[in-house]
Amino acid sequence: MALHLNLLHEEILEQRQRQRDPLKIGIMVLAGFGVLMFIYYMWNAYQTLQIKGRLSVVEREWAKVEPTVTAAQKRSAELNNIVKTTRVLDEYVEDRFFWAPFLQKVTRCVAPNTQLTGLEGSVSEDNKAITVSIEGLAAGREPRSAAEDLRQMLTEQLGQSYGDVNVEFKALEDLDTIVNVGGTNMAMARYVLTVNFSPSPLATKSAAASPPPRPTRVPKK
Amino acid sequence: MNQFKLKKDQIQKVGLSVVGFVFLLYIYFNFFLGPLNRSRNTMLATIKEKQSNLDSSRGEMSKATTLEQQAKTATTHFAAFKAMNPEGAPIAWFPPRMKIFFANQRIDKVSTRLEGTVGFKQAELVDWMKYSWLINLPQADYATVGKAVADLENAEPLLSITKLSIHLLQDQPQFQQVDLVATNIIQKK
């Protein structure tokens with residue numbers, strides 16, 4: 001076996017030590033990681049750029065459509081508002097109480113011997129109840145019965161068109177005054193009638209519309 | 001084995017490398033990758049939102065077109081309601097209108113005054129006001145008043161008579177004094 005002499009032992013050892021210098025190795029590892037991370041960052045940046053491109057395409061499309069859509073949404077909201085308002089106004093118009101037909105009915109009830117001197121009526125806030133006060137004079141052999149005839153006539157006539165009709169005397173008093181009607185002297189009475197009813201005839205009509213149950217016949221055996 | 005044993009200065013260098021590595025990671029994630037990812041996520045969310053807007057926009061537009069056709073009657077009706085009331089303050093035009101109306105009904109003496117105004121509670125009628133008017137007819141006869149009231153109720157759909165008072169005139173029994181409290185709905189100008 002040949003003898004091998006290493007005369008540069010110390011230098012070689014130093015060189016080896018330099019080669020496995022932890023700082024150097026650490027720097028190399030760091031540089032390696034740095035490169036990897038840079039590559040990963042660049043990949044991400046590339047993807048982000050692609051997304052940015054997609055976003056600008058979508059934004060361009062949206063910018064084209066947006067004014068039309070906004071206008072359409074605004075118009076839809078406006079139309080919805082108009083529809084709702086019109087519905088409420090229509091309800092208001094339909095729910096009104098019409099006084100003219102009522103006045104006509106009162107005219108039909110007044111006989112020549114029952115004069116009206118005053119009429120005051122009001123509609124409740126929700127248009128569901130009408131209150132009328134009728135004041136007048138009745139003349140006849142029995143003026144009270146003439147006033148009663150008027151009351152019954154009002155009940156009958158108003159009942160044809162309105163619901164929950166209630167006509168009551170608030171006051172009925174004989175007067176000392178004698179009046180000449182058609183050449184005949186007649187006694188007089190003063191009356192005040194209170195009329196309450198609902199404009200809708202449904203209240204009483206629905207009750208009338210459902211007939212009472214018929215008695216069932218049991219067949220004879 | 002002695003070759004892998006680190007000296008003190010080498011341990012210091014390894015420690016320094018580890019600290020440097022951690023610092024590098026911190027810088028990388030906080031100042032490079034983090035903001036990039038955040039902006040990417042923001043952009044993705046914006047794309048999603050815009051895309052859904054674009055998808056719904058077609059529906060919105062077709063909905064608006066359909067609604068336009070469906071609401072034709074309501075729109076006409078609404079325009080008619082609006083056209084009933086002229087421009088300007090109601091106190092300026094309503095009393096003269098009543099005067100002309102009753103004059104046409106052969107009732108010459110008319111006075112109309114505003115009793116009050118009130119807004120609506122319903123959200124649908126926020127742009128509308130309720131005006132309450134006292135219409136006084138000091139000399140009229142029952143039949144004429146009845147006909148006038150009928151015509152008024154038919155001619156003014158947004159007007160509703162809430163109170164009615166008819167009283168005999170003591171000195172002229174052929175005439176009556178009539179007071180009407182009418183509520184009119186008028187759009188705010």
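A nonpolar core is a set of buried Ala, Val, Leu, Ile, Met, Phe, Trp, Tyr and Cys residues joined through C-beta atoms within 7 Å. A residue is buried if 20 or more other C-beta atoms lie within 10 Å of its own, exposed if 12 or fewer, and partly exposed in between, with C-beta atoms placed from the backbone. The largest such core here has 64 residues. Those with the most contacts inside it are Trp99(A), Ala138(A), Val195(A), Ile135(B), Leu137(B), Val145(B) and Val149(B).

This is a predicted model: local features need pLDDT of at least 70, side-chain atom pairs count only at pLDDT 80 or more, and totals for chains, interfaces and linings use all residues. Residues are numbered from 1 along each chain as its sequence is written, while chains are lettered from A and ligands numbered from 1 in the order in which they are written.

**The two chains**

Helices (H or I, at least four residues) and strands (E, at least two) are DSSP runs, numbered from the N terminus. Two residues are in contact if their C-beta atoms, placed from the backbone, lie within 7 Å.

Chain A comes to 5 helices and 4 strands. From the N terminus on, its elements run α-α-α-β-β-α-β-β-α. Of its 221 residues, 19% count as buried. Among contacts in chain A with a separation of 6 or more, 64% come from residues 24 or more positions apart.

Chain B has 4 helices and 4 strands. Its order from the N terminus on is α-α-α-β-β-α-β-β. Buried residues make up 20% of its 189 residues. Of the chain B contacts between residues at least 6 apart in sequence, 58% join residues at least 24 apart.

Two strands pair if DSSP finds at least two bridges between them. An open sheet of 8 strands has the order E3(A)-E4(A)-E2(A)-E1(A)-E3(B)-E4(B)-E2(B)-E1(B), with antiparallel pairing. The edge strands are E3 (163-181) of chain A and E1 (111-119) of chain B, each pairing on one side only. On average, neighbouring strands are turned by 15° against each other, direction ignored. Angles run from 0 to 180 degrees between N-to-C directions, and axes are lines fitted to C-alpha atoms, for helices over the stretch in contact.

| Strand pair | Bridges |
|---|---|
| E1(A) and E3(B) | 5 bridges |
| E2(A) and E4(A) | 11 bridges |
| E3(A) and E4(A) | 14 bridges |

The chains meet where E1 (residues 114-123) of chain A runs antiparallel to E3(B). There, the bridge partner of Gly118(A) is His167(B), and Ser122(A) stands opposite Lys163(B). Within chain A, Ala189(A) of E4(A) is the bridge partner of Ala138(A). Asp174(A) also stands opposite Ala189(A). The hairpin of E3(A) and E4(A) has 2 residues between the strands, and Gly182(A) takes a positive phi near 60° in it.

**The chain contact**

The contact takes 55 residues from chain B and 49 residues from chain A. On chain B, helix H1 (8-70), helix H2 (72-83), helix H4 (142-155) and strand E3 (159-168) each supply at least two residues. H1(B) gives the most to this side, with 29 residues. By class, the side has 30 nonpolar, 16 polar and 9 charged residues. Ala, Val, Leu, Ile, Met, Phe, Trp, Tyr, Cys and Pro count as nonpolar, Asp, Glu, Lys and Arg as charged, and the others, Gly among them, as polar.

H4(B) lies across E2 (128-140), E3 and E4 (176-187) of chain B, running at about 175° to E3(B). In chain A, helix H3 (residues 99-109) and helix H4 (residues 143-161) pack at about 145°, with their axes 9 Å apart. The residues of this contact include Pro101(A) and Lys105(A) of H3(A), and Leu150(A) and Met153(A) of H4(A). They divide into 6 nonpolar, 2 polar and 2 charged.

**Two residues up close**

Ala147(A) sits in helix H4 of chain A. Why is Ala147(A) buried? Because 25 other C-beta atoms lie within 10 Å. Not counting residues up to four places away in sequence, Ala147(A) touches Thr114(A), Ala138(A), Leu172(A), Ala189(A) and Tyr191(A). The C-alpha atoms of Ala147(A) and Thr114(A) are separated by 6.8 Å, although the two are 33 residues apart along the chain.

In chain B, Ile135(B) touches Met98(B), Val110(B), Thr112(B), Leu180(B) and Ala182(B), again leaving out residues up to four places away in sequence.
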